[in-house]
Amino acid sequence: MDALRHTFEQRLAAALPGVEITLERPKTGELGDLAFPCFRAAKQLGKNPAQLSQELAGAIAIEGATLAAAGPYLNLKLAPETRAQAVLGAILEAPVGRPYGSRAANGKKVIVEYSSPNIAKLFTIGHLRSTMIGHTLAQAHQFLGYEVIRLNHLGDWGTQFGTLLAAYTRWAQDGNADLEQDFDWAEPAPEKRRTPLFRLFQLYVRFHAEEESDPAMRDEARGWFRRLEEGDAEARRLWSWFRKISLREFQRIYDRLGVSFDTLEQGEAFYEDQLVPTMQRLENAGLLVEGNNGARIVDLEDVGITTPCLVQKADGTSIYATRDLAAALYRKDAYGFDRCLYVVGTDQVLHFQQIFAVLDKLDPWFKGRMLHTPFGMVKLPEGKMSTRKGNVIFLEDVLDEARERVAAIIAEKNPDLKDKEAVAEMLGMGAVVFFDAMNDRVKPITFTWDRVIALDGDTGPYVQYAHARILSVLRKAGGEWAAKAQAGAAIGPFLPFVELALPADLDGLAAPEAQALLFELAGLPGAIAAVADGCMATPLARQLVALARSFSGYYTNCPILAAENTPEVREARLTLCVATARALRQGLYLMGIQAPEEM
Ligand code: ARG
């Protein structure tokens, strides 16, 4: 396909000297494989776009393809045989270690910072977005040849620890004296509702509730945070214990989600000893000014940001922004990145505008390298979720419920399925994670159980089903094909499946449904590139749905194992099955979703 694109571009460039040539993908394979929108060229030449596309259709000829004008578009459409060869060739002949759609190392380094939960709180459905969007961005960048550094800016420092310390010390005797002993490190993690972390979280919620009627408690919390910042031994001891039990819980969730980071040691607390030097640098650069009642700020009026960036509170304590500045400076020295992506909700847009503006002032190196990729918040039908108020949906509850719902369906429809539990987990996870990705990244999501765990329609399980169905066809085909199905399931997606040659005879793929499937396969690399370019998972999720849907059309209309098929037709059709399974599996893998062999 790349070679054809190149030829098409060259012919267009020759016909339109001085015009920049950009190609698009037509909406359907019926229209063609590549499209040249004539608007810009027509404007430059003072012509009507539809007229220009007509002229070009008459003037350019490319072997194995037809050129046709469709209004202002010039469409290039491959002959069925050529399309099959180009697409299957690209998938089957992808070199070892360089699967279809991937690119060679480009020498660029990207930091993807994602998930970043606050410790001593439980993972809510809200945390899924940053975690999985970030994971997909990291995977896609790596696939496209970037060196990727996966960081988690854990919220393990800040005034909320004052609250937690105050709550804990206040009520440790109050039915919670056993809390610290309660935890046997050698045992597997206890049931989710019994974890010390959950009980700590309850104390935190209780503190906020009681504080409403007793404002003195606020000073108590502030006092504890000051003690923590000053290195008080008891405050430190408890803090590191909070941190330890939190990380243990988070790790369990990350393992379940199949997500990992280069380190979990670069949370906010990590920058503690860099806060004074960071302030000093701001001071030296003449950026620090005295704000209201003794606070220290960086003024950003001159760059159009009317709210100054607060970097130190009146009582001398650091804040969230100070730690983000320190983190960025540290990352420059430690990694020297080309791009740093912050996968954080839309509620922090201003925060990142401020941080990036301060960094630009401090060191022009940062210009254009920092990118906040905001995502819409998850809301409940009754309004915002609030950990403080305790009205949250826990992520684990959602994943468990999804797994239960799938398990109930399996029990009814396919009770003899192998590894039922593992499959239920993969499908449940597929439903939840895919739902998230299908949503426009920046729009808020209203959580309802039935929406988030939908199993029909444009869902993860629908895509997973297409994959499993293909493997089942291959098993039925027997012999070598069955072996291919197994190898396909066992080998990780960054590796090629077992060797498979391009069949000499591709006539079996001339039907429109086979051609439509080939067209969608051709769209996969562009969808993966769009994930990295647009910093969102949606284009990939949509492409996978389109692939699954066109596979279903193919399966219905092009009998694969029918007795009347010639061996050539059978081989060509099975080969398209293998290529499709490979593409689906790879796409799901990039999104952090596993594809069961059977379901
Ligand atoms: N811990 C923060 C929160 O839960 C998110 C941190 C985002 N990353 C950052 N570099 N500020 O809201």
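Cys 535 lies in the loop that links helix H19 (524-534) to helix H20 (538-557). Keep in mind that this is a predicted model. What is the phi of Cys 535? The angle is positive, about 50 degrees, although the residue is not a glycine. Is Cys 535 buried or exposed? There are 23 other C-beta atoms within 10 Å of Cys 535, and 20 or more make a residue buried, so Cys 535 counts as buried.

Now for Asp 419, which has its place in the loop between helix H13 (395-413) and helix H14 (420-438). Here, too, is a residue other than glycine with a positive phi, this time near 45 degrees. How many C-beta neighbours does Asp 419 have inside 10 Å? The count is 12, and a residue with 12 or fewer is exposed, so that is where Asp 419 falls.

## The domains

Let's step back to the whole chain. Its domain assignment gives domain 1 (2-78), domain 2 (109-384) and domain 3 (395-590). How far apart are the centres of domain 1 and domain 3? Taken over C-alpha atoms, they are separated by 33 Å.

## An open sheet of 3 strands

Next up is a sheet. It is an open one, made of 3 strands in the order E1-E3-E2, with antiparallel pairing. Which strands stand at the edges? They are E1 (34-37) and E2 (65-70); each has a single partner strand, so one side of each has no neighbour in the sheet. On average, and ignoring direction, neighbouring strands here are turned by 20 degrees against each other.

Take a look at the pairing of E2 with strand E3 (residues 73-78): the two run antiparallel and are joined by 6 bridges. Ala 70 stands opposite Tyr 73 in E3. A helix comes in as well: H3 (residues 49-59) packs on the sheet and touches both E2 and E3. The direction of H3 makes about 165 degrees with that of E2.

Notes:
Residues numbered from 1 in each chain as written. Predicted model: local features only at pLDDT ≥ 70, side-chain atom pairs only at ≥ 80, totals over all residues. Pairing = 2+ DSSP bridges. Helix = DSSP H or I, 4+ residues; strand = E, 2+ residues; numbered from the N terminus. Axes fitted to C-alpha atoms, helices over the stretch in contact; angles between N-to-C directions. Contact = placed C-beta atoms within 7 Å. Domains from an automatic or database assignment.
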